[in-house]
Amino acid sequence: MAEVSLHAAQSPPVQAVTTTSHIGHATAVGAAGFAWCSLILGLHTAGVIDAADGTILLAGTFFYGGLVQLVAGFFALASGATFAAAFLTAYGAFWFGYTAIEFWAAPHIAGAAAAAAKAGGASAEASAAAGGHAVMQSLGLFLIAWLVVTLVFAVASLGTNAVIVTAFSLLTLTIVLLVTAYLGASSAGVPSDSVLHAAGYVEILLAAVAFYLVLAELTNDIRGRTVLPLFALARDRQAVAQPA
């Protein structure tokens, strides 16, 4: 027994090796993609930049708006930031859906409606108008559902910070204007230019707010202190989607 005790006393203590992992602010990663898409589509919708049919923009909406935002949402979920994870994954899916609509669904709907009108004896012009009107109505319905989702996030964002609340308020207004423009389209499938342009300008403003959020998250994280304030609204800082 004495030998065992002596051996135990001379043995060096075994130190447990611990490793820690740190997940950065996923909001900055995902919001950057949302800001980019909002800016480019806002410029296109407002008529500031003529991007022809806008098809080339779909590369950005798919990869930066959809894929990057969705991945960022999963990382936010892993870090325990439920609100950030929810809105990043939701709007990542939105941009995937938008890309699918522009690339496949809208042409399919227009073609089917035009073919049905032509089969009924309508002229080629009337058939094209019917196809365009069907697309506008479908887009309006699509955005009505997203308006409900956005309103949920807008209410929940009241526990985060003023920048995120402003972003969701502008996003809500943008969707309302787009729904108005699409559902109020003429029988030829032409949405109201004034309402559509207004939606585009609001979306540009939304992009500016989203880019500020990204800049603030990155700057504050790099400096290790609050340089650009986000104006937290929650008393419990843990309730905020991402710390400033």
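I begin with the largest cavity, whose lining consists of Ala31, Phe34, Gln69, Phe87, Tyr91, Ile164, Ala167, Phe168, Leu171, Leu206, Ala210 and Leu213. The helices α2, α4, α6 and α7 each give two or more residues to that lining, and α6 contributes the most, with 4 residues. By class, the lining holds 11 nonpolar residues, 1 polar and no charged; here Ala, Val, Leu, Ile, Met, Phe, Trp, Tyr, Cys and Pro count as nonpolar, Asp, Glu, Lys and Arg as charged, and the others, Gly among them, as polar.

A word on the source: this is a predicted model, in which local features need pLDDT of at least 70 and side-chain atom pairs count only at pLDDT 80 or more, while totals for chains, interfaces and linings use all residues. Residues are numbered from 1 along each chain as its sequence is written, and side-chain values use heavy atoms, with hydrogens and water left out.

On a 1 Å grid over the protein atoms alone, a cavity is a set of points where a 1.4 Å probe fits but cannot get out, whereas a pocket is an open set with protein on both sides within 12 Å along at least five of seven lines; lining residues have an atom within 4 Å of a point. Volume is the space filled by probe spheres set on the points.

I turn to the largest pocket, which holds about 700 Å³ of space. Of its 32 lining residues, Thr45, Tyr98, Glu102, Leu139 and Tyr182 are the closest to the centre. The largest share of this lining, 7 residues, comes from α4. By class, the pocket lining has 22 nonpolar, 6 polar and 4 charged residues.

Finally, how do α4 and α5 cross? The axes of α4 (residues 82-119) and α5 (residues 124-156), lines fitted to C-alpha atoms over the stretch in contact, come within 7 Å and cross at roughly 165°. The two helices are therefore roughly antiparallel, a term for angles over 145 degrees on a scale from 0 to 180 degrees between N-to-C directions. Their contact has 24 nonpolar, 4 polar and 1 charged residues.

Overall, the protein has 7 helices and 0 strands, helices being DSSP runs (H or I) of at least four residues and strands runs (E) of at least two, numbered from the N terminus.

Key
Parallel < 35°, antiparallel > 145°, perpendicular 65-115°, else oblique.
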